[in-house]
Amino acid sequence: MKGKAYIVGAYEHPTRLATDRSVPQLHADVTMGALADAGLSLSDIDGYFCAGDIPGWSATGVGPFSIVEYLGLNLRHLDTTESWGSAYINLVTHAVDAIDAGRCRIALITLAGRPRAAKYRPEDGHRQVQDTPEFAFEALYDPVVVNMYGMVAKRHMYEYGTTSSQLAWIKVATSHHAQHNPNAVLRKVVTVEEVLASPLISDPLHRLDCCIVSDGGGALIVAHPDVARELKRPLITPRGAGYHVRHLNGGYFDLLKSGGVQSGQTAFEQAGLTPRDIDYASLYDSFTITVLVQLENLGFCEPGQGGRFVEDGGLIANSGRLAVNTDGGGLCNNHPANRGGMTKVIEAVRQLRGEAHPAVQVPDCRLALAHGTGGQLGGRHGAATLILEREG
């Protein structure tokens, strides 16, 4: 993938509570922000990539056409791939492929939502639809999101002796980073003891093991190499990518192996790299256990060693083993539209450009990984892994 296209624009909406903005307005805000970052205009965009967060996806049947009109885009290419939280990482790959194939030259990817203002519950989006093949067998148990992740955490503890204190260190690390982010919802640095003292939500997960619910969004601009070099922006190119759907295989599956096992392997093989080469990682953090499982599945540590890897500040920038989620992540910063993949790419771009807060900036950051999960870790989900490189 290296050199086939470049991320030339990235923008994260500053709001975390959108009481004065509609979802279309949020999409417009992040679009204009990313274009300004790239030094481009709306008339330059000829490819648009989006997922199920766009307004009108299912209500009217016109899906993306309404938002394309609202933004005033004149397109040659449209991609509406839906895969929840992993979608936006996956869509970067789609944009690179489309640009390389000549279907567009400058691609826009957007995410926006306002679940916090609308008082939307995360589990509402995961209720089973009655015409799915598994409905008759699973709906009577009414699985909700936090219970599924609690089950994964409990299994990890059973298999490897992982402790709640080790999981708490993941929250502690993101809180250390979030204190430097003026837009983060939770900026207070917390301790392991404070995480364990927060209410138990789904054994063994406490409230502070869970991500926040926030409004906002983000956007990316991916451009042809000729365009990217003219813009005089830092050259950030995707180098390797992978995607995998992990399902339950009729009940024969391992709770502790996510789709990241395969998507990560594919991305590293395509990039010609290993986890040891990565300077910074943006990992989906819907819950603390999500990060721990991904660290193991992506190869940053051996299975069962995640607890030891993260404890005692292992994920804190410039002092730990690996800097992870230096914007505060979904655990402290934001989780717009209950989909965290977009912000994972944006913070990776910041790190590679050297634009992260000085307190969390990884020195000479040249290789970054962004990983997202769409669905539920303990159930069916899609996993997307993207490795980015700064050229020059």
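Residues are numbered from 1 along each chain as its sequence is written, and side-chain values use heavy atoms, with hydrogens and water left out. Because the model is predicted, local features need pLDDT of at least 70 and side-chain atom pairs count only at pLDDT 80 or more, while totals for chains, interfaces and linings use all residues.

Let's start inside. A nonpolar core here is a set of buried Ala, Val, Leu, Ile, Met, Phe, Trp, Tyr and Cys residues joined through side-chain atoms within 4.5 Å. Buried means under 20% relative accessible area, exposed means over 50%, and partly exposed lies in between (1.4 Å probe, protein chains only). The largest such core has 44 residues, and the members that touch the most others are Ile289, Leu295, Phe300 and Leu315. Several helices and strands each give at least two residues to this core, among them helix H5 (145-160), helix H10 (288-297) and strand E11 (367-375). H5 supplies the largest share, six residues. These elements are DSSP runs numbered from the N terminus, with helices (H or I) of at least four residues and strands (E) of at least two.

Leaving aside residues up to four places away in sequence, Leu295 touches Leu283, Phe300, Cys301, Phe309, Val310, Leu315 and Leu322, where a contact means heavy atoms within 4.5 Å. Apart from this core lies another, of 42 residues, including Tyr88, Ile99, Ile109 and Cys365.

Now turn to strand E12 (residues 381-390), where 10 of the 10 residues are buried. His381, Ala383, Thr385, Ile387 and Glu389 point one way from E12, and Gly382, Ala384, Leu386, Leu388 and Arg390 point the other way. What pairs with E12 over 10 bridges? Strand E8 (residues 236-246) does, in the antiparallel sense; strands count as paired if DSSP finds at least two bridges between them. Within this pairing, Ile236 stands opposite Arg390. E11 also runs antiparallel to E12, joined by nine bridges, and Ala370 has Leu386 as its bridge partner in E12. E11 and E12 form a hairpin with five residues between them.

A salt bridge is a side-chain nitrogen of Lys or Arg within 4 Å of a carboxyl oxygen of Asp or Glu, and the whole structure holds 19 of them. In one, Glu389 meets Arg239, with the closest N and O atoms 3.0 Å apart. This pair joins distant parts of the chain, as Glu389 in E12 and Arg239 in E8 are 150 residues apart. Glu389 counts as buried, at 11% relative accessibility.

Glu159 and Arg155 meet at 2.7 Å, N to O, and both lie in H5, four residues apart, about one turn of the helix. Both are partly exposed, Glu159 at 38% and Arg155 at 36%. Lys188 and Glu194 also form a salt bridge, at 3.0 Å; Lys188 is exposed at 52%, whereas Glu194 is partly exposed at 32%. Finally, Glu12, Arg16, Glu347 and Arg350 are linked in a salt-bridge network.
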